[in-house]
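Me: I have a new structure to read. Can you take me through it, one feature at a time?

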Amino acid sequence: MNFLIAQAPATPPLNFWNGDNATAGLWIKIIIGLVLGFALMIGLLFAPTRMRRPIVVTFTFLAGLFWMVQWLWPRAGEGVTEPTNATEGVALWLKDALPVVTDFANILTAFLLGLGIYSLVSIHGKRLIKKQTDWVFSGILLLSIVIMMIFGYADWLTRLGEGAAKVELVPGFWNRGRDLLFDGMLQQMDAAMFSLIAFFILSAAYRAFRIRSIESTILLSTALIVMISIMGAIVFMLDSAAAPVSNNLKLSEIAGWITGSLQTPAIRAINFGVGVGALAMGIRLWLSLDRGGVSG
Amino acid sequence: MQWADTGWINILFVLVLITAMLTMILTNIKRSKASREGLYIRRIAGLNAIDEAIGRSTEMGKPVLMVPGIGGLNAISVQALNIFAYVTRTAARFANPIRLCCADAAVYTVAQEIISDVYNKEGLADRYDQDSVRFVSDRQFAFAAGVSGIILREQTAATFFLGEFFAESLIFAETANSIGAIQVASSTETTQTPFFIAACDYVLIGDEFYAASAYLSREPVLVGSLVGQDIGKILIAGYVLLGVAFNSAQQFERTTDPDTQTSRPLKSDERLMYMIFNPDPNRGKPKEEEEK
Amino acid sequence: MADLAQEERTFGEKLQSLPRQVLYLILIVVISASVIASKFAGPALVLPNKPGNNAIEFYATVMNVPEGSTVAIQSDWTNSTRGESAGQLESLLRILMRRNVKFMVYSLADPQAPQVARDTIARITLERKLKGEREYKRWDDWISLGFFPNGEGTAKSIQSDIRKAFKGKRDVSPEGPRDVYQSPVLKNIQTLDDLGLYINITASKTIDVLIERLKFKPARFGDFEVKNKLGSMCTGVMGPETVNYYSAGLLFGLVVGLNGVVEMETLMENGVNWPEGKKTVEYAKDKQLVVPGWTGKQNYARGTSYYFALHTGMALLILAVLAGNIGMWLARSGKGKNA
């Protein structure tokens with residue numbers, strides 16, 4: 001395919017994975033891709049059951065291997081487009097392949113989103129048709145999906161190319177409609193849901209912070225110090241009172257010590273544990289060591 | 001000390017650590033497979049509560065709710081689904097209804113496969129309700145509202161919130177608490193763990209979440225991996241101690257200031273550990289030379 | 001039976017099991033009253049605040065970034081956290097506009113975030129216009145680059161080649177939509193280190209993405225040294241995690257939550273070690289550092305107006321915890337007597 005690359009314009013950069021628009025080379029690549037894809041699908045469908053696990057294991061390993069190599073392989077220097085040795089060749093190939101592999105993942109996710117929407121429509125559609133309990137809410141949900149899709153798509157059409165900047169200056173019917181639905185309703189409902197947390201924090205703290213043991217007493221005392229340290233006016237008063245005695249007795253100093261010397265190292269330690277756990281989980285998934293986890 | 005500014009020492013530093021950890025994990029998996037009695041792992045209270053929670057919902061005839069967080073398909077959500085497979089298996093044996101709510105389409109698809117697989121393996125395929133695994137929404141607070149609605153409408157008796165949770169954690173936990181559901185929760189996000197501790201009955205903190213599948217199944221691969229993880233953590237602690245030792249020793253070291261040519265103690269960014277992780281070829285040169 | 005049990009409940013038992021609806025009602029009344037009181041009282045209700053080192057370092061760095069340079073603002077918040085994040089962005093914008101520093105704004109977290117940021121910019125621009133200050137013009141002084149769905153990939157390309165990272169993006173210029181690289185804001189930016197500063201205003205974990213992918217060289221603004229050009233303004237909940245990065249020297253400064261907004265507003269009014277400020281804000285780490293403020297200008301704003309509500313809210317939380325504990329203690333001691 002080198003002849004394609006040599007004749008190609010500078011932008012967009014051409015490589016093994018793409019081709020110039022409407023050229024025979026690109027069509028050949030598309031056809032090879034389609035044939036390989038169908039062959040793979042048919043092969044998987046007709047593969048004997050005992051072969052399925054080795055196939056899945058191989059695919060998982062290869063997919064993981066790409067990311068491992070991508071992470072570990074040395075990068076080609078800035079501005080290098082033609083490899084001068086094998087290391088640079090692999091580095092450049094990996095660089096070209098990265099957006100393609102990411103696209104694979106994005107396309108797969110898009111299909112999966114379709115399945116997700118199917119789940120929603122199927123559950124709520126059934127409830128609506130059979131007029132089960134709360135069917136009105138299901139109806140509102142489905143109606144909202146349809147309206148949002150229409151306005152979202154129409155808005156997207158008007159923003160194509162130079163439209164985006166024009167819409168910023170003079171929004172049209174579809175743009176205003178989408179803004180009303182998205183900014184005027186969805187965003188505000190999001191904010192309302194978020195603000196519920198204030199109420200829940202109060203009721204949870206009232207219920208949970210009880211002096212039942214030494215540990216809970218320590219927890220409550222430190223929590224009180226940190227909570228008071230957020231109230232600037234109180235800190236100001238207490239600090240002024242403590243200043244003549246000792247700087248170490250200032251509330252801001254004590255709260256700072258709790259944050260810097262107790263809380264931060266604890267968070268780091270927990271994060272180390274979580275990181276190592278994710279690493280172990282990752283290696284088990286990559287090498288297919290898990291056999292369905294706890295489901296046996 | 002310019003040799004510390006090469007930029008590759010820090011990579012070597014990290015690579016050695018990760019390779020050592022991976023070796024420990026794989027070696028212990030092998031050791032666990034070879035061992036007859038299995039390796040020892042300590043008791044985790046939150047995981048003992050899983051059976052208790054399912055038992056209670058069976059007594060009440062109410063569904064068990066599971067939420068694998070709002071993150072995408074990654075090690076965290078897969079681990080959550082692994083634990084949910086165990087919960088589902090126990091619930092399926094008692095013919096208890098389940099609800100598994102997903103915020104990510106990819107997680108939803110994998111969850112559907114895992115859950116239907118659990119019912120099939122238990123020989124209870126007829127008890128599997130396709131609508132029990134649901135995609136609710138991929139917007140954070142729409143998902144929070146949807147799941148809270150399910151909790152309140154269906155009066156779930158046991159709830160499991162395991163995975164990547166953010167601001168919605170307290171909304172779920174308090175809503176479930178308001179109807180008296182027994183709750184087991186864990187978030188890999190340290191910022192959300194306090195909210196779960198305040199509102200839930202049992203909380204798995206930090207990497208206890210990753211220990212869960214090993215604890216529940218006692219499968220040699222998982223138990224071995226868990227032991228390997230712990231050795232990995234000891235290695236990290238060793239690295240941290242090494243850093244502390246170097247930094248403490250260098251507190252007493254003095255250097256000649258390149259600008260004033262006078263002797264002074266080392267600044268924090270002139271210490272070995274800082275230099276290894278922040279390579280800068282211009283360091284140590286006088287200001288004028290650096291600006292050129 | 002239930003009624004009988006209700007009647008037999010002692011004061012202690014009632015105090016330790018207040019219905020949640022009562023707590024919610026008290027919270028609504030207290031917070032609403034506090035916000036309304038702040039609104040009417042205005043400057044009379046400016047509560048004292050002592051800025052921490054993290055906020056002082058943030059303020060000092062933003063105040064030292066050279067005039068005319070470009071600051072990247074990655075605005076990753078939406079209306080949900082406007083109580084904290086809006087005040088943070090507003091205070092940052094006031095400083096940048098007063099100091100004639102250019103900026104570009106974009107989001108790697110939420111498709112709605114750029115619109116929310118643009119609305120905030122419009123508010124501050126109008127505020128300046130009403131006060132007769134120079135109008136901050138889109139295209140010449142600031143640009144909006146919109147939303148980038150692949151946060152990790154975009155951060156990676158900003159690091160490797162900032163001239164390609166925003167390729168194809170257009171913004172509104174007086175002549176119509178044009179390529180953003182033609183704007184005076186981005187014209188002279190060739191590498192990441194050409195940026196004056198990179199500031200992330202976030203309600204989530206987006207700072208992790210930047211810490212892992214962006215690497216700034218240490219820089220000097222005159223005599224002022226900057227070890228890292230990355231700074232963060234985050235919500236209160238994200239504070240404890242982000243403090244990790246600040247204390248490890250990976251951030252030039254950190255502003256946390258509503259308290260952080262008030263710290264910024266206090267610093268804007270009084271400066272740092274600044275003799276002309278109404279109050280002295282000391283920076284213990286470096287007593288030689290003097291950073292001026294903007295006494296007499298619109299410094300106290302959103303943060304200050306919510307600060308009283310933060311105090312009453314926290315006081316209510318503490319009172320609720322104390323009430324629960326006193327109730328528990330009374331109930332227990334009562335039981336002891338009966339036995």
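Me: Which residue of chain A forms a salt bridge with Lys50(C)?

Reply: First, the idea. A salt bridge is a side-chain nitrogen of Lys or Arg within 4 Å of a carboxyl oxygen of Asp or Glu. Here, Lys50(C) pairs with Asp239(A), and their closest N and O atoms are 3.8 Å apart. The rule finds 1 salt bridge across the interface of chain C and chain A.

Me: What should I know about the model itself?

Reply: It is a predicted model: local features need pLDDT of at least 70, side-chain atom pairs count only at pLDDT 80 or more, and totals for chains, interfaces and linings use all residues. Residues are numbered from 1 along each chain as its sequence is written, chains are lettered from A and ligands numbered from 1 in the order in which they are written, and side-chain values use heavy atoms, with hydrogens and water left out.

Me: How many residues of chain C are in contact with chain A?

Reply: Contact means heavy atoms within 4.5 Å. By that rule, 50 residues of chain C touch 46 residues of chain A.

Me: What area is buried between chain C and chain A?

Reply: The size of an interface is often given as the accessible area lost when the parts come together. Buried area is that loss (1.4 Å probe), summed over both parts. For chain C and chain A the figure is about 4200 Å², with 64% from carbon and sulfur atoms.

Me: How many residue pairs are in polar contact there?

Reply: A polar contact is a pair of N or O atoms within 3.5 Å; within protein, one must be able to donate a hydrogen and the other to accept it, and residues adjacent in sequence count only if both atoms are side-chain atoms. Chain C and chain A have 15 such residue pairs, both residues at pLDDT 80 or more.

Me: Which element gives the largest share of the chain C side?

Reply: Elements are DSSP runs, numbered from the N terminus: helices (H or I, at least four residues) and strands (E, at least two). Those giving two or more residues to the chain C side include α3 (20–41), β4 (170–173) and α12 (302–338). The largest share, 14 residues, comes from α12(C).

Me: How do I read the fold and spread of chain A?

Reply: Start with the elements. Chain A has 10 helices and 0 strands. Then take the radius of gyration, over C-alpha atoms; the globule rule is 2.2 Å times the number of residues to the power 0.38. A compact globule of 296 residues would come near 19 Å, but chain A has 29 Å. Its C-alpha trace spans about 85 × 60 × 55 Å along the principal axes.

Me: Why is chain B called more spread out than a compact globule?

Reply: Chain B has 11 helices and 8 strands. Its radius of gyration is 25 Å, well over the 19 Å that the globule rule gives for 292 residues, so chain B is more spread out than a compact globule.

Me: How do chain A and chain B meet?

Reply: The contact takes 51 residues from chain A and 59 from chain B. Together they bury about 4800 Å², 72% of it on carbon and sulfur atoms. The rule finds 4 salt bridges across this interface. One of them joins Asp131(B) and Lys126(A), at 2.9 Å from N to O. On the chain A side, α10(A) gives the most, with 15 residues.

Note on methods
Buried area is the accessible area (1.4 Å probe) that two parts lose on being put together, summed over both.
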